[in-house]
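Morning, everyone. Let's look at one model together, core and then surface charges.

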Amino acid sequence: MSLCVDVFVRDANGRFRVLDVPEGCDDSAGFESWRQAVWGSDTARSLGARFLPVLAERDLYVEAHEVVDFLGEVTLLRANLERIATTTWRPRELAEHRSQIERRLDNIEATALRAQELGAGVLIW
């Protein structure tokens, strides 16, 4: 099982609708095990991450008004990619683990930028 990252919008009644992933975009946010092993890791938390660690407990809904702060968290994690890669559980070699985290951060950031452009939110589930 894999985590997906998507853009969502809310209607006037607060119900949400997940938007289709645009052609050529990747919606992978990592493996299901990354909820705890990477995004909810002690390392991510120690860096000050507050959004992605929520995945250790439940799906993450980043509301439209939080997307700017969420993008800041993605930037923070990207700046500490080496530390995250070396201190989190991995079944593969370090270089591949680092590359996979970086690719998922790229996907998450691209989705958040689309959400920001649309005045929408980000869902990781």
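Start with this: is Val 38 buried or exposed? Keep in mind that the model is predicted. Val 38 has a relative accessible area of 0%. The cut-off for buried is under 20%, so Val 38 counts as buried.

Where does Val 38 sit? In helix α1. Setting aside neighbours within four places in sequence, Val 38 contacts Ala 44, Ile 84, Thr 88, His 97 and Ile 101. Pro 53 is 15 residues away in sequence, and the C-alpha atoms are 8.5 Å apart.

Now the core. The largest nonpolar core has 33 residues. Trp 39, Phe 70 and Ile 124 have the most contacts inside it. Elements giving two or more residues include β1 (2-10), α3 (67-79) and α5 (94-118). Take Trp 39. Beyond four places in sequence, Trp 39 touches, among others, Leu 3, Leu 52, Leu 77 and Ile 108.

On to charges. The whole structure has 9 salt bridges. Arg 50 pairs with Asp 69, with the closest N and O atoms 3.6 Å apart. That pair links distant parts of the chain: Arg 50 lies in the loop between α2 (42-46) and β4, Asp 69 in helix α3, 19 residues apart. Arg 50 is exposed at 51%; Asp 69 is partly exposed at 45%.

Two further bridges. Asp 11 meets Arg 15 at 3.2 Å, N to O. Arg 15 is exposed at 54%, and Asp 11 partly exposed at 35%. Glu 96 bridges to Arg 92, at 3.2 Å for the closest N and O atoms. Finally, a network: salt bridges link Glu 32, Arg 35 and Asp 59.

Technical notes. Residues are numbered from 1 along each chain as its sequence is written. This is a predicted model: local features need pLDDT of at least 70, side-chain atom pairs count only at pLDDT 80 or more; totals for chains, interfaces and linings use all residues. Side-chain values use heavy atoms; hydrogens and water are left out. A nonpolar core is a set of buried Ala, Val, Leu, Ile, Met, Phe, Trp, Tyr and Cys residues joined through side-chain atoms within 4.5 Å. Buried means under 20% relative accessible area, exposed over 50%, partly exposed in between (1.4 Å probe, protein chains only). Helices (H or I, at least four residues) and strands (E, at least two) are DSSP runs, numbered from the N terminus. Contact means heavy atoms within 4.5 Å. A salt bridge is a side-chain nitrogen of Lys or Arg within 4 Å of a carboxyl oxygen of Asp or Glu.
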